[in-house]
Amino acid sequence: MRNQNNVFYRIVDPDSWLRRAKVSGFFLSFPAGLHQKITLTPMLTLQYLRNHKNEAVERLKIKNFDAETLINEILELDQYRRSIQTENDGKLSLLNKTSKEIGRLFRTGKKDEAEAGRRQVGTLKDEIKQLQQELLETEDKIHDLLIRIPNVPHPDVPEGKGAEDNREIRRGGDLPSLHGNSLPHWELGTRYGILDFELGNTLTGAGFPVFMGKGARLVRALITFFLDEAEKAGYYEIIPPLMVNEASAYATGQLPDKEGQMYTIPSENFYLIPTAEVPVTNLYRDQILEETKLPVKATAYTPCFRREAGSYGKDVRGLNRVHQFDKVEIVRIEKPENSYAALEEMINHVESLVRKLELPYRIVKLCGGDISFTSALTYDFEVFAAAQKKWLEVSSVSNFGSYQANRLKLRFRDNNSRKTRLAHTLNGSALALPRIIAALLENKQTEKGIRIPEVLIPYTGFAIID
RNA sequence: GGAGAAAUGGCAGAGUGGUCGAAUGCGGCGGUCUUGAAAACCGUUGUCCGCUUAUCGGCGGACCGGGGGUUCGAAUCCCUCUUUCUCCGCCA
(Lines give C-alpha, C1' and ligand atoms only; values in the text may rest on other atoms or scores of the structure.)
Protein backbone atom coordinates (compact mmCIF):
# COMPACT_ATOMS: atom_id res chain seq x y z
CA MET A 1 0.00 0.00 0.00
CA ARG A 2 2.40 2.63 -1.13
CA ASN A 3 3.33 4.93 -3.89
CA GLN A 4 6.43 6.93 -4.60
CA ASN A 5 6.12 9.64 -2.04
CA ASN A 6 3.77 8.24 0.45
CA VAL A 7 3.91 5.21 2.60
CA PHE A 8 1.04 3.81 4.53
CA TYR A 9 1.61 1.15 7.05
CA ARG A 10 -1.03 -1.01 8.49
CA ILE A 11 -1.49 -0.35 12.14
CA VAL A 12 -0.40 -3.72 13.36
CA ASP A 13 -1.29 -3.28 16.95
CA PRO A 14 -3.28 -0.24 17.88
CA ASP A 15 -2.29 -0.65 21.49
CA SER A 16 1.42 -0.86 21.06
CA TRP A 17 1.87 2.89 21.11
CA LEU A 18 0.10 2.93 24.41
CA ARG A 19 2.43 0.35 25.73
CA ARG A 20 5.39 2.41 24.70
CA ALA A 21 3.84 5.53 26.01
CA LYS A 22 3.69 3.83 29.35
CA VAL A 23 7.27 2.73 29.20
CA SER A 24 8.36 6.19 28.24
CA GLY A 25 6.85 7.46 31.38
CA PHE A 26 3.50 9.02 30.72
CA PHE A 27 0.40 7.38 31.70
CA LEU A 28 -2.99 8.37 32.60
CA SER A 29 -5.99 7.07 34.26
CA PHE A 30 -8.76 6.50 31.77
CA PRO A 31 -12.45 7.15 31.68
CA ALA A 32 -14.70 4.66 33.37
CA GLY A 33 -15.68 1.81 31.14
CA LEU A 34 -12.69 2.21 28.91
CA HIS A 35 -10.67 -0.93 28.97
CA GLN A 36 -7.67 0.29 27.10
CA LYS A 37 -5.37 2.64 28.88
CA ILE A 38 -4.84 5.75 26.95
CA THR A 39 -2.23 8.41 26.88
CA LEU A 40 -3.98 11.68 26.70
CA THR A 41 -3.48 14.79 24.70
CA PRO A 42 -0.56 16.04 22.76
CA MET A 43 2.15 17.82 24.57
CA LEU A 44 5.61 19.20 24.53
CA THR A 45 8.39 16.77 25.19
CA LEU A 46 10.16 16.81 28.50
CA GLN A 47 13.41 16.93 26.67
CA TYR A 48 12.40 20.19 25.02
CA LEU A 49 11.42 21.69 28.34
CA ARG A 50 14.66 20.63 29.94
CA ASN A 51 16.72 22.24 27.22
CA HIS A 52 14.63 25.21 26.18
CA LYS A 53 12.77 26.25 29.25
CA ASN A 54 13.29 29.98 28.81
CA GLU A 55 12.37 29.90 25.17
CA ALA A 56 9.17 28.04 25.98
CA VAL A 57 8.21 30.46 28.72
CA GLU A 58 8.88 33.49 26.53
CA ARG A 59 7.04 32.25 23.50
CA LEU A 60 4.05 30.99 25.42
CA LYS A 61 3.43 34.53 26.57
CA ILE A 62 2.27 35.19 23.01
CA LYS A 63 -0.49 32.70 23.68
CA ASN A 64 -1.24 34.62 26.84
CA PHE A 65 -0.08 31.65 28.83
CA ASP A 66 2.15 31.90 31.86
CA ALA A 67 4.11 28.67 31.88
CA GLU A 68 6.96 29.41 34.22
CA THR A 69 5.66 27.93 37.47
CA LEU A 70 4.21 24.98 35.67
CA ILE A 71 7.43 24.18 33.88
CA ASN A 72 9.49 24.55 37.02
CA GLU A 73 7.23 22.16 38.81
CA ILE A 74 7.46 19.70 35.95
CA LEU A 75 11.23 19.84 35.82
CA GLU A 76 11.44 19.24 39.55
CA LEU A 77 9.15 16.26 39.35
CA ASP A 78 11.12 15.02 36.38
CA GLN A 79 14.32 15.07 38.34
CA TYR A 80 12.65 13.27 41.19
CA ARG A 81 11.23 10.70 38.81
CA ARG A 82 14.62 9.97 37.37
CA SER A 83 16.19 9.53 40.77
CA ILE A 84 13.50 7.02 41.65
CA GLN A 85 13.96 5.14 38.43
CA THR A 86 17.68 4.89 38.97
CA GLU A 87 17.10 3.48 42.41
CA ASN A 88 14.41 1.13 41.21
CA ASP A 89 16.48 -0.12 38.29
CA GLY A 90 19.33 -0.88 40.66
CA LYS A 91 17.11 -2.97 42.89
CA LEU A 92 15.57 -4.75 39.95
CA SER A 93 19.02 -5.54 38.70
CA LEU A 94 19.90 -7.06 42.05
CA LEU A 95 16.68 -9.06 42.08
CA ASN A 96 17.37 -10.39 38.61
CA LYS A 97 20.86 -11.43 39.53
CA THR A 98 19.68 -13.11 42.70
CA SER A 99 16.96 -14.98 40.90
CA LYS A 100 19.41 -16.32 38.39
CA GLU A 101 21.72 -17.37 41.16
CA ILE A 102 18.91 -19.21 42.93
CA GLY A 103 18.08 -21.01 39.73
CA ARG A 104 21.65 -22.09 39.37
CA LEU A 105 21.80 -23.32 42.98
CA PHE A 106 18.67 -25.39 42.52
CA ARG A 107 20.03 -26.99 39.41
CA THR A 108 23.31 -27.87 41.04
CA GLY A 109 21.49 -29.38 43.97
CA LYS A 110 22.49 -26.84 46.58
CA LYS A 111 19.03 -26.70 47.94
CA ASP A 112 19.82 -25.13 51.29
CA GLU A 113 21.62 -22.15 49.81
CA ALA A 114 18.81 -21.68 47.33
CA GLU A 115 16.21 -21.62 50.06
CA ALA A 116 18.29 -19.06 51.93
CA GLY A 117 18.39 -16.86 48.84
CA ARG A 118 14.68 -17.16 48.43
CA ARG A 119 14.05 -15.82 51.89
CA GLN A 120 16.46 -12.96 51.31
CA VAL A 121 14.65 -11.33 48.43
CA GLY A 122 11.49 -10.69 50.39
CA THR A 123 12.39 -7.22 51.57
CA LEU A 124 13.86 -6.35 48.20
CA LYS A 125 10.56 -7.09 46.54
CA ASP A 126 8.72 -4.88 48.97
CA GLU A 127 11.06 -2.02 48.30
CA ILE A 128 10.65 -2.43 44.57
CA LYS A 129 6.92 -2.48 44.86
CA GLN A 130 6.97 0.75 46.78
CA LEU A 131 9.34 2.44 44.38
CA GLN A 132 7.26 1.45 41.42
CA GLN A 133 4.16 2.82 43.02
CA GLU A 134 5.93 6.09 43.61
CA LEU A 135 7.23 6.07 40.06
CA LEU A 136 3.76 5.66 38.61
CA GLU A 137 2.33 8.40 40.75
CA THR A 138 5.09 10.78 39.80
CA GLU A 139 4.62 10.00 36.15
CA ASP A 140 0.94 10.74 36.45
CA LYS A 141 1.66 14.04 38.12
CA ILE A 142 4.12 15.04 35.43
CA HIS A 143 1.70 14.11 32.71
CA ASP A 144 -1.14 16.00 34.32
CA LEU A 145 0.95 19.13 34.36
CA LEU A 146 2.43 18.62 30.95
CA ILE A 147 -0.90 18.42 29.20
CA ARG A 148 -1.82 21.85 30.47
CA ILE A 149 0.91 23.50 28.45
CA PRO A 150 -0.14 24.55 24.97
CA ASN A 151 2.09 24.13 21.99
CA VAL A 152 4.81 26.73 21.78
CA PRO A 153 3.90 29.19 19.03
CA HIS A 154 6.20 29.95 16.14
CA PRO A 155 8.06 33.28 16.46
CA ASP A 156 5.97 34.68 13.61
CA VAL A 157 2.74 34.42 15.55
CA PRO A 158 1.56 37.97 16.24
CA GLU A 159 0.51 39.10 19.68
CA GLY A 160 -3.14 39.60 20.31
CA LYS A 161 -6.18 38.64 22.28
CA GLY A 162 -8.72 37.50 19.74
CA ALA A 163 -9.83 37.38 16.14
CA GLU A 164 -9.60 41.17 15.83
CA ASP A 165 -5.83 40.96 16.29
CA ASN A 166 -5.21 38.45 13.54
CA ARG A 167 -2.89 39.74 10.86
CA GLU A 168 -4.05 39.84 7.30
CA ILE A 169 -1.33 38.51 5.03
CA ARG A 170 -2.85 39.16 1.69
CA ARG A 171 -6.06 39.33 -0.29
CA GLY A 172 -6.96 38.30 -3.78
CA GLY A 173 -9.86 38.16 -6.16
CA ASP A 174 -12.28 40.90 -6.98
CA LEU A 175 -15.25 41.80 -4.87
CA PRO A 176 -18.30 41.32 -7.06
CA SER A 177 -20.77 44.09 -7.68
CA LEU A 178 -24.19 42.57 -7.23
CA HIS A 179 -27.34 43.59 -8.98
CA GLY A 180 -30.09 45.35 -7.06
CA ASN A 181 -32.15 42.28 -6.26
CA SER A 182 -29.33 40.16 -4.91
CA LEU A 183 -30.15 37.67 -2.18
CA PRO A 184 -28.31 35.81 0.56
CA HIS A 185 -27.55 32.19 -0.28
CA TRP A 186 -30.29 30.68 1.87
CA GLU A 187 -32.88 32.51 -0.20
CA LEU A 188 -31.13 31.66 -3.45
CA GLY A 189 -31.23 28.02 -2.44
CA THR A 190 -34.98 28.10 -2.19
CA ARG A 191 -35.45 30.21 -5.29
CA TYR A 192 -33.56 27.78 -7.52
CA GLY A 193 -34.65 24.68 -5.67
CA ILE A 194 -31.12 23.48 -5.01
CA LEU A 195 -30.82 23.77 -1.27
CA ASP A 196 -33.40 23.30 1.44
CA PHE A 197 -33.02 23.84 5.15
CA GLU A 198 -36.60 23.08 6.10
CA LEU A 199 -36.41 19.59 4.66
CA GLY A 200 -33.33 18.86 6.73
CA ASN A 201 -35.22 20.10 9.74
CA THR A 202 -37.89 17.52 9.11
CA LEU A 203 -35.46 14.69 8.52
CA THR A 204 -33.04 15.40 11.30
CA GLY A 205 -32.96 18.85 12.80
CA ALA A 206 -31.51 22.29 12.34
CA GLY A 207 -28.17 22.41 10.63
CA PHE A 208 -28.65 19.46 8.30
CA PRO A 209 -29.26 21.03 4.91
CA VAL A 210 -30.48 19.08 1.91
CA PHE A 211 -28.92 19.70 -1.49
CA MET A 212 -30.96 18.84 -4.53
CA GLY A 213 -30.66 18.78 -8.30
CA LYS A 214 -27.99 21.16 -9.47
CA GLY A 215 -27.18 21.93 -5.86
CA ALA A 216 -26.35 18.29 -5.19
CA ARG A 217 -24.40 18.17 -8.40
CA LEU A 218 -22.45 21.25 -7.34
CA VAL A 219 -21.48 19.59 -4.07
CA ARG A 220 -20.25 16.53 -5.88
CA ALA A 221 -18.41 18.68 -8.41
CA LEU A 222 -16.58 20.60 -5.71
CA ILE A 223 -15.53 17.45 -3.88
CA THR A 224 -14.15 15.91 -7.03
CA PHE A 225 -12.49 19.14 -8.07
CA PHE A 226 -10.76 19.52 -4.71
CA LEU A 227 -9.61 15.92 -4.69
CA ASP A 228 -8.30 16.19 -8.24
CA GLU A 229 -6.37 19.31 -7.36
CA ALA A 230 -4.93 17.67 -4.26
CA GLU A 231 -3.89 14.67 -6.27
CA LYS A 232 -2.19 16.90 -8.83
CA ALA A 233 -0.31 18.48 -5.96
CA GLY A 234 0.97 15.07 -4.92
CA TYR A 235 -1.45 14.10 -2.17
CA TYR A 236 -2.42 10.49 -1.80
CA GLU A 237 -6.12 9.88 -1.44
CA ILE A 238 -7.65 8.08 1.50
CA ILE A 239 -11.22 7.15 2.29
CA PRO A 240 -11.25 6.63 6.04
CA PRO A 241 -13.98 5.50 8.42
CA LEU A 242 -16.38 8.21 9.49
CA MET A 243 -16.55 6.89 13.00
CA VAL A 244 -13.59 6.44 15.28
CA ASN A 245 -13.05 4.85 18.65
CA GLU A 246 -12.00 6.61 21.80
CA ALA A 247 -8.33 5.91 21.40
CA SER A 248 -8.29 7.72 18.08
CA ALA A 249 -10.26 10.64 19.40
CA TYR A 250 -7.80 10.99 22.24
CA ALA A 251 -4.80 10.70 20.02
CA THR A 252 -5.63 13.72 17.92
CA GLY A 253 -6.86 15.71 20.87
CA GLN A 254 -10.63 15.79 20.36
CA LEU A 255 -10.93 14.02 23.66
CA PRO A 256 -11.11 14.81 26.42
CA ASP A 257 -11.42 18.56 25.88
CA LYS A 258 -13.79 18.76 22.98
CA GLU A 259 -16.06 15.92 23.81
CA GLY A 260 -19.13 18.13 23.57
CA GLN A 261 -18.27 18.99 19.99
CA MET A 262 -18.56 15.44 18.70
CA TYR A 263 -21.55 13.25 18.06
CA THR A 264 -21.34 9.91 19.78
CA ILE A 265 -22.54 6.42 19.05
CA PRO A 266 -23.14 5.27 22.62
CA SER A 267 -23.86 1.65 21.79
CA GLU A 268 -20.38 1.22 20.36
CA ASN A 269 -18.47 3.97 22.09
CA PHE A 270 -17.70 5.53 18.73
CA TYR A 271 -17.48 9.13 17.69
CA LEU A 272 -18.54 10.66 14.41
CA ILE A 273 -15.52 12.41 13.03
CA PRO A 274 -15.54 16.22 13.22
CA THR A 275 -12.84 16.29 10.54
CA ALA A 276 -10.89 13.83 8.40
CA GLU A 277 -7.85 14.87 10.37
CA VAL A 278 -8.84 12.42 13.07
CA PRO A 279 -8.83 9.15 11.11
CA VAL A 280 -6.13 10.20 8.67
CA THR A 281 -3.65 11.35 11.27
CA ASN A 282 -4.34 8.25 13.32
CA LEU A 283 -3.17 6.15 10.41
CA TYR A 284 0.31 7.17 11.44
CA ARG A 285 0.02 6.48 15.11
CA ASP A 286 3.05 4.75 16.57
CA GLN A 287 5.07 4.59 13.40
CA ILE A 288 8.69 4.97 12.58
CA LEU A 289 9.00 6.10 9.00
CA GLU A 290 12.21 5.98 7.04
CA GLU A 291 13.41 9.48 6.33
CA THR A 292 13.33 8.71 2.62
CA LYS A 293 9.57 8.13 2.83
CA LEU A 294 8.98 11.68 3.96
CA PRO A 295 7.13 13.81 3.29
CA VAL A 296 3.89 11.93 3.56
CA LYS A 297 1.12 13.83 1.81
CA ALA A 298 -2.39 12.53 2.27
CA THR A 299 -5.78 13.85 1.33
CA ALA A 300 -9.26 12.69 2.21
CA TYR A 301 -12.78 13.73 1.49
CA THR A 302 -15.22 13.06 4.31
CA PRO A 303 -18.43 14.40 5.64
CA CYS A 304 -17.76 16.07 8.98
CA PHE A 305 -20.07 16.11 11.96
CA ARG A 306 -20.01 18.82 14.54
CA ARG A 307 -22.46 19.49 17.29
CA GLU A 308 -21.42 23.14 17.47
CA ALA A 309 -22.83 23.09 20.94
CA GLY A 310 -23.43 26.51 22.36
CA SER A 311 -23.25 28.43 19.11
CA TYR A 312 -26.39 30.04 17.86
CA GLY A 313 -27.59 33.40 16.68
CA LYS A 314 -27.19 35.50 13.62
CA ASP A 315 -23.90 34.16 12.35
CA VAL A 316 -25.19 30.68 11.95
CA ARG A 317 -27.73 31.27 9.24
CA GLY A 318 -27.92 29.09 6.20
CA LEU A 319 -24.70 27.33 5.37
CA ASN A 320 -22.57 29.51 7.60
CA ARG A 321 -22.61 26.92 10.33
CA VAL A 322 -24.06 23.44 9.97
CA HIS A 323 -23.83 20.14 11.84
CA GLN A 324 -22.93 18.01 8.85
CA PHE A 325 -20.78 19.23 6.03
CA ASP A 326 -18.34 18.04 3.41
CA LYS A 327 -14.66 18.76 3.47
CA VAL A 328 -11.51 17.76 1.69
CA GLU A 329 -8.59 17.71 4.06
CA ILE A 330 -4.87 17.64 3.36
CA VAL A 331 -2.42 16.20 5.85
CA ARG A 332 1.35 16.17 5.80
CA ILE A 333 4.08 14.51 7.79
CA GLU A 334 7.37 16.29 7.44
CA LYS A 335 10.90 16.45 8.69
CA PRO A 336 11.11 19.26 11.25
CA GLU A 337 13.44 21.33 9.10
CA ASN A 338 10.96 21.24 6.21
CA SER A 339 7.71 21.77 7.98
CA TYR A 340 7.42 25.53 7.58
CA ALA A 341 8.23 25.34 3.90
CA ALA A 342 5.52 22.70 3.70
CA LEU A 343 3.11 25.04 5.44
CA GLU A 344 3.80 27.68 2.78
CA GLU A 345 3.20 25.12 0.09
CA MET A 346 -0.12 24.16 1.62
CA ILE A 347 -1.15 27.79 1.77
CA ASN A 348 -0.30 28.22 -1.87
CA HIS A 349 -2.32 25.15 -2.70
CA VAL A 350 -5.38 26.40 -0.84
CA GLU A 351 -4.95 29.83 -2.36
CA SER A 352 -4.90 28.35 -5.84
CA LEU A 353 -8.24 26.70 -5.10
CA VAL A 354 -10.06 29.85 -4.08
CA ARG A 355 -8.50 31.67 -7.00
CA LYS A 356 -9.69 29.06 -9.45
CA LEU A 357 -13.15 29.35 -7.96
CA GLU A 358 -12.96 33.08 -8.64
CA LEU A 359 -13.75 33.96 -5.05
CA PRO A 360 -12.50 37.07 -3.26
CA TYR A 361 -10.41 35.89 -0.34
CA ARG A 362 -8.04 36.96 2.35
CA ILE A 363 -5.45 35.04 4.28
CA VAL A 364 -4.94 35.83 7.92
CA LYS A 365 -2.26 34.73 10.29
CA LEU A 366 -3.85 33.89 13.60
CA CYS A 367 -2.61 35.80 16.61
CA GLY A 368 -1.58 34.25 19.89
CA GLY A 369 -5.01 34.69 21.38
CA ASP A 370 -6.84 33.05 18.51
CA ILE A 371 -4.54 30.19 17.58
CA SER A 372 -5.48 26.75 18.84
CA PHE A 373 -3.95 25.08 21.86
CA THR A 374 -2.07 22.53 19.77
CA SER A 375 -0.95 24.66 16.85
CA ALA A 376 2.37 26.39 16.39
CA LEU A 377 1.30 28.51 13.45
CA THR A 378 -2.06 28.79 11.73
CA TYR A 379 -3.32 30.60 8.68
CA ASP A 380 -7.03 31.01 8.05
CA PHE A 381 -8.59 31.51 4.66
CA GLU A 382 -11.74 33.55 4.41
CA VAL A 383 -13.89 34.16 1.37
CA PHE A 384 -16.24 37.08 1.01
CA ALA A 385 -19.94 36.33 0.72
CA ALA A 386 -21.15 39.40 -1.06
CA ALA A 387 -24.84 39.33 -0.21
CA GLN A 388 -24.24 38.85 3.49
CA LYS A 389 -21.25 41.14 3.22
CA LYS A 390 -19.36 38.75 5.44
CA TRP A 391 -16.00 37.03 5.44
CA LEU A 392 -16.48 33.32 5.95
CA GLU A 393 -13.72 31.01 7.12
CA VAL A 394 -13.27 28.19 4.63
CA SER A 395 -9.89 26.81 5.57
CA SER A 396 -7.50 26.67 8.44
CA VAL A 397 -3.98 25.50 7.75
CA SER A 398 -1.76 24.65 10.67
CA ASN A 399 1.66 23.39 11.55
CA PHE A 400 1.59 21.44 14.79
CA GLY A 401 5.32 20.93 14.95
CA SER A 402 6.12 17.85 16.98
CA TYR A 403 3.32 18.47 19.45
CA GLN A 404 0.85 16.03 17.90
CA ALA A 405 3.58 13.67 16.82
CA ASN A 406 4.76 13.35 20.38
CA ARG A 407 1.43 11.97 21.38
CA LEU A 408 1.01 9.92 18.26
CA LYS A 409 4.51 8.50 18.70
CA LEU A 410 5.03 9.38 15.08
CA ARG A 411 8.72 9.33 14.32
CA PHE A 412 11.10 8.96 11.47
CA ARG A 413 14.56 7.48 11.28
CA ASP A 414 17.24 10.00 10.47
CA ASN A 415 19.29 8.83 7.53
CA ASN A 416 22.61 9.94 8.91
CA SER A 417 22.40 9.30 12.61
CA ARG A 418 20.00 6.34 12.23
CA LYS A 419 18.24 7.69 15.27
CA THR A 420 14.52 8.25 15.57
CA ARG A 421 13.17 11.78 15.73
CA LEU A 422 9.66 13.11 16.12
CA ALA A 423 8.15 14.15 12.83
CA HIS A 424 6.15 17.32 12.31
CA THR A 425 2.50 17.14 11.38
CA LEU A 426 0.45 19.65 9.43
CA ASN A 427 -3.06 19.79 8.15
CA GLY A 428 -5.48 22.06 6.44
CA SER A 429 -8.85 22.17 4.79
CA ALA A 430 -8.73 22.20 1.02
CA LEU A 431 -11.55 23.04 1.27
CA ALA A 432 -14.66 23.00 3.43
CA LEU A 433 -17.70 23.09 1.16
CA PRO A 434 -20.69 24.85 2.71
CA ARG A 435 -19.24 28.31 3.01
CA ILE A 436 -17.63 28.00 -0.40
CA ILE A 437 -21.06 27.20 -1.76
CA ALA A 438 -22.56 30.11 0.16
CA ALA A 439 -20.02 32.49 -1.36
CA LEU A 440 -20.38 31.01 -4.84
CA LEU A 441 -24.14 31.36 -4.79
CA GLU A 442 -24.07 34.88 -3.47
CA ASN A 443 -21.19 36.23 -5.51
CA LYS A 444 -22.06 34.57 -8.78
CA GLN A 445 -25.71 35.45 -8.82
CA THR A 446 -26.98 37.41 -11.81
CA GLU A 447 -30.41 38.34 -13.04
CA LYS A 448 -30.36 35.21 -15.15
CA GLY A 449 -29.10 32.79 -12.59
CA ILE A 450 -25.98 31.66 -10.77
CA ARG A 451 -22.90 31.33 -12.89
CA ILE A 452 -20.58 28.39 -12.30
CA PRO A 453 -16.85 29.15 -12.24
CA GLU A 454 -15.04 28.03 -15.37
CA VAL A 455 -13.00 25.30 -13.66
CA LEU A 456 -16.09 23.63 -12.25
CA ILE A 457 -18.08 23.36 -15.45
CA PRO A 458 -16.42 20.11 -16.53
CA TYR A 459 -17.42 18.73 -13.15
CA THR A 460 -20.96 20.09 -12.94
CA GLY A 461 -21.87 19.65 -16.55
CA PHE A 462 -23.70 22.97 -16.55
CA ALA A 463 -22.60 26.60 -16.57
CA ILE A 464 -25.49 28.23 -14.82
CA ILE A 465 -28.04 27.45 -12.17
CA ASP A 466 -31.36 28.90 -13.22
C1' G B 1 -25.79 -13.40 17.79
C1' G B 2 -23.85 -19.07 18.93
C1' A B 3 -19.37 -22.63 18.92
C1' G B 4 -14.12 -23.34 18.51
C1' A B 5 -8.85 -21.73 17.61
C1' A B 6 -5.23 -18.12 18.04
C1' A B 7 -2.24 -13.31 19.29
C1' U B 8 5.84 -13.82 19.68
C1' G B 9 10.77 -8.98 16.48
C1' G B 10 9.72 -5.42 9.56
C1' C B 11 7.35 -10.30 7.80
C1' A B 12 6.93 -15.72 8.37
C1' G B 13 7.49 -18.89 12.36
C1' A B 14 10.02 -21.92 16.80
C1' G B 15 9.77 -21.63 21.88
C1' U B 16 5.13 -24.45 27.71
C1' G B 17 8.85 -22.02 34.46
C1' G B 18 15.55 -20.19 34.94
C1' U B 19 21.30 -20.29 30.59
C1' C B 20 15.15 -16.34 26.11
C1' G B 21 15.35 -9.87 23.81
C1' A B 22 13.95 -14.65 22.25
C1' A B 23 15.98 -20.39 17.39
C1' U B 24 15.38 -20.55 12.15
C1' G B 25 13.97 -18.48 7.40
C1' C B 26 12.83 -14.08 4.57
C1' G B 27 13.54 -8.95 4.28
C1' G B 28 16.88 -4.61 5.61
C1' C B 29 21.92 -2.68 6.32
C1' G B 30 27.50 -3.30 5.80
C1' G B 31 31.37 -6.14 3.47
C1' U B 32 33.96 -9.93 0.09
C1' C B 33 33.57 -11.25 -5.04
C1' U B 34 32.07 -8.57 -9.97
C1' U B 35 33.39 -3.72 -15.32
C1' G B 36 28.28 -3.16 -13.03
C1' A B 37 24.29 -6.09 -11.18
C1' A B 38 22.50 -10.88 -9.62
C1' A B 39 23.97 -15.29 -7.12
C1' A B 40 27.14 -17.08 -3.29
C1' C B 41 29.72 -16.24 1.24
C1' C B 42 30.84 -13.30 5.93
C1' G B 43 29.07 -9.84 9.43
C1' U B 44 25.12 -6.92 11.32
C1' U B 45 20.00 -5.84 12.31
C1' G B 46 13.79 -3.68 17.56
C1' U B 47 11.74 0.25 20.71
C1' C B 48 11.60 3.11 25.08
C1' C B 49 13.52 4.84 29.93
C1' G B 50 17.65 5.69 33.33
C1' C B 51 22.98 6.07 34.61
C1' U B 52 27.57 7.11 32.34
C1' U B 53 30.24 9.29 28.17
C1' A B 54 33.47 15.43 24.65
C1' U B 55 32.21 11.66 20.82
C1' C B 56 32.00 6.35 19.30
C1' G B 57 30.24 3.74 23.03
C1' G B 58 29.46 1.25 27.81
C1' C B 59 26.23 -0.35 31.90
C1' G B 60 21.29 -1.10 34.11
C1' G B 61 15.91 -1.51 33.51
C1' A B 62 11.28 -2.39 30.77
C1' C B 63 8.70 -4.47 26.60
C1' C B 64 6.57 -11.68 23.40
C1' G B 65 -1.87 -8.19 22.16
C1' G B 66 -3.63 -4.86 26.97
C1' G B 67 -4.35 -5.09 32.33
C1' G B 68 -3.93 -7.93 36.82
C1' G B 69 -2.18 -12.41 39.61
C1' U B 70 1.00 -16.88 41.16
C1' U B 71 6.55 -17.49 41.73
C1' C B 72 13.05 -16.29 44.20
C1' G B 73 12.30 -16.31 38.74
C1' A B 74 6.92 -15.86 33.53
C1' A B 75 6.84 -15.42 26.26
C1' U B 76 5.74 -20.04 29.02
C1' C B 77 0.97 -21.09 34.60
C1' C B 78 -3.88 -18.48 36.38
C1' C B 79 -7.75 -14.46 35.86
C1' U B 80 -9.65 -10.67 32.81
C1' C B 81 -10.24 -7.49 28.60
C1' U B 82 -9.38 -6.64 23.47
C1' U B 83 -8.47 -8.24 18.67
C1' U B 84 -8.01 -11.81 14.68
C1' C B 85 -9.25 -16.41 12.19
C1' U B 86 -12.66 -20.78 11.18
C1' C B 87 -17.75 -22.84 11.28
C1' C B 88 -23.14 -21.70 11.94
C1' G B 89 -27.03 -17.78 11.87
C1' C B 90 -28.32 -12.87 9.83
C1' C B 91 -27.23 -9.37 5.98
C1' A B 92 -26.07 -4.49 1.46
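**The sheet and its helices**

Mentor: Let's start with Cys-304, which counts as buried because its relative accessibility is 0% (buried means under 20% relative accessible area, exposed over 50%, partly exposed in between, with a 1.4 Å probe and protein chains only). Remember that this is a predicted model, where local features need pLDDT of at least 70 and side-chain atom pairs count only at pLDDT 80 or more, while totals for chains, interfaces and linings use all residues. Residues are numbered from 1 along each chain as its sequence is written, chains are lettered from A and ligands numbered from 1 in the order in which they are written, and side-chain values use heavy atoms, leaving out hydrogens and water. Cys-367 is buried too, also with a relative accessible area of 0%. The disulfide count is zero (a disulfide is a pair of cysteine sulfur atoms within 2.5 Å).

Now for the sheet. It is open, with eight strands in the order 1-11-12-13-16-10-9-4 and mixed pairing. Helices (H or I, at least four residues) and strands (E, at least two) are DSSP runs, numbered from the N terminus, and two strands pair if DSSP finds at least two bridges between them. At the edges, strand 1 (167-172) and strand 4 (236-238) each pair on one side only. On average, neighbouring strands are turned by 25° against each other, direction ignored (axes are lines fitted to C-alpha atoms, for helices over the stretch in contact, and angles run from 0 to 180 degrees between N-to-C directions).

Look next at strand 10 (residues 324-334), which pairs with strand 16 (residues 424-432) in the antiparallel sense over seven bridges. Lys-327, for example, has Ala-432 in strand 16 as its bridge partner.

Two helices lie across these strands. Helix 8 (residues 214-232) lies across strands 4, 9, 10 and 16, at about 5° to strand 10 (contact means heavy atoms within 4.5 Å). Its buried residues include Leu-218, Leu-222, Phe-225, Phe-226 and Glu-229. At 1.5 Å a residue, the 19 residues of helix 8 should span 27 Å, and the end C-alpha atoms are 26 Å apart, which agrees (the expected span is 1.5 Å times one less than the number of residues). Just after helix 8, Gly-234 takes a positive phi of about 95°. Helix 13 (residues 433-443) lies across strands 10, 12, 13 and 16, running at about 30° to strand 12.
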